[in-house]
Amino acid sequence: MRALVTGATGFVGKRLLSRLECPVVLSRDAPAARARLGSEVQVVAWDPQQEPAPLDAFADIDVVFHLAGESLASGRWTAAKKARIRDSRVLGTRNLTDAIRQLARKPQVLVSASAIGYYGDRGDEILDETAPPGGDFLGEVCAAWEREAQAVAEAGVRVVNVRIGLVLAKDGGALPKMLTPFRLGLGSPLGSGRQWMSWIHVDDLIGLLLLAADRGDLSGPLNATSPQPVTNREFTKALGRAIRRPTLLPAVPVGVLRLVLGELASVLLTSQRVLPRRAQEAGYTFAHCELEDTLQNLSH
């Protein structure tokens with residue numbers, strides 16, 4: 001199947017492109033995307049918050065992978081930042097689906113990113129795809145994001161909302177930022193340390209994105225997390241062992257995290273014990289289930 005990809009210059013998007021043949025990329029900064037992705041990738045300019053996606057980019061496209069969205073971790077969550085987080089997902093997806101609905105030949109499937117932030121802060125509750133959304137900022141954003149993607153289902157396009165957990169990779173995401181303090185012996189739990197972290201190796205995330213595209217019987221939400229979530233305290237100890245550094249410091253107090261990070265601290269303190277029920281029922285075999293082995297592999 002020929003694919004169109006948004007958010008292709010991110011570390012997940014670039015990995016996905018390497019698994020696709022002759023993809024088309026939509027990018028706000030087309031010259032920069034061409035320079036980063038190479039001449040073999042067709043890049044079409046599109047500002048997702050200003051206009052519907054260009055219809056000519058969808059010629060002969062069978063699957064759309066929609067990964068674009070403002071980074072959650074870059075900067076404090078001011079009112080302007082939160083508006084960008086929401087608009088990049090909700091308005092950007094609306095402008096994408098508005099274009100798809102106009103096409104005479106529509107893609108077969110839209111694989112649209114979402115996040116486990118959908119579930120809100122749920123303590124020790126085990127969460128699969130049937131769990132309701134949370135009522136906090138990210139829960140509301142994710143629910144609205146998914147509704148915009150589902151708007152093309154009534155036009156006959158299969159839609160899969162991939163709820164992505166903490167993505168672990170050597171060359172992007174949260175792990176490289178964690179390694180420096182941990183290597184200095186400054187790794188410690190955050191807050192109570194009891195909050196659940198639902199993680200996934202980037203290779204399994206790519207596998208699930210491709211599964212969502214290929215399996216005609218999959219639609220709706222699909223959790224993209226390892227079958228073995230861990231608590232923040234367990235994650236801290238596992239990363240310390242993986243790089244052979246002590247993790248003996250006391251936990252960072254919640255008040256300090258909120259003082260330094262503001263509302264962004266909620267991302268680190270929220271507890272989401274998510275299981276990939278539908279992926280397992282579809283027969284997907286995770287290549288990376290054990291956190292400690294995963295961290296050993298990615299940190300060296």
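## K81 and its salt bridge

K81 is buried, at a relative accessible area of 1%. Buried means under 20% relative accessible area, exposed over 50%, and partly exposed in between (1.4 Å probe, protein chains only). K81 forms a salt bridge with E70, with the closest N and O atoms 2.9 Å apart. The pair links distant parts of the chain: E70 is in the loop between β4 and α3, K81 in helix α3, 11 residues apart. E70 is partly exposed, at 23%. A salt bridge here is a side-chain nitrogen of Lys or Arg within 4 Å of a carboxyl oxygen of Asp or Glu. Helices (H or I, at least four residues) and strands (E, at least two) are DSSP runs, numbered from the N terminus.

## Basis of the model

The model is predicted: local features need pLDDT of at least 70, side-chain atom pairs count only at pLDDT 80 or more, and totals for chains, interfaces and linings use all residues. Residues are numbered from 1 along each chain as its sequence is written, and side-chain values use heavy atoms, leaving out hydrogens and water.

## Other salt bridges

The whole structure has 14 salt bridges. R28 pairs with D47, the closest N and O atoms being 3.7 Å apart. R28 lies in the loop between β2 (24-27) and α2 (30-37) and D47 in the loop between β3 (42-45) and β4, so this pair ties together parts 19 residues apart in sequence. R28 is exposed, at 53% relative accessible area. D47 is partly exposed, at 25%.

E125 bridges to R122, with the closest N and O atoms 3.1 Å apart. R122 is buried at 17%, while E125 is partly exposed at 37%. Salt bridges that share partners join R15, D171 and D203 into one network.

## Aromatic pairs and charges over rings

There are three aromatic pairs. Rings of Phe, Tyr and Trp (its six-membered ring) pair if their centres lie within 6.5 Å; planes under 30 degrees apart count as stacked, over 60 as edge-to-face and the rest as tilted. The W77 and F137 ring centres are 5.6 Å apart with planes at 65 degrees, so this pair is edge-to-face. W77 is buried at 8%, and F137 is buried at 17%. Y284 and F286 are also edge-to-face, with centres 5.0 Å apart and planes at 90 degrees.

K82 lies over the face of F137, 4.8 Å from the ring centre. The charged end of R163 sits over the ring of Y118, 3.6 Å from its centre. The criterion is NZ of Lys or CZ of Arg within 6 Å of the ring centre and within 35 degrees of the ring normal.
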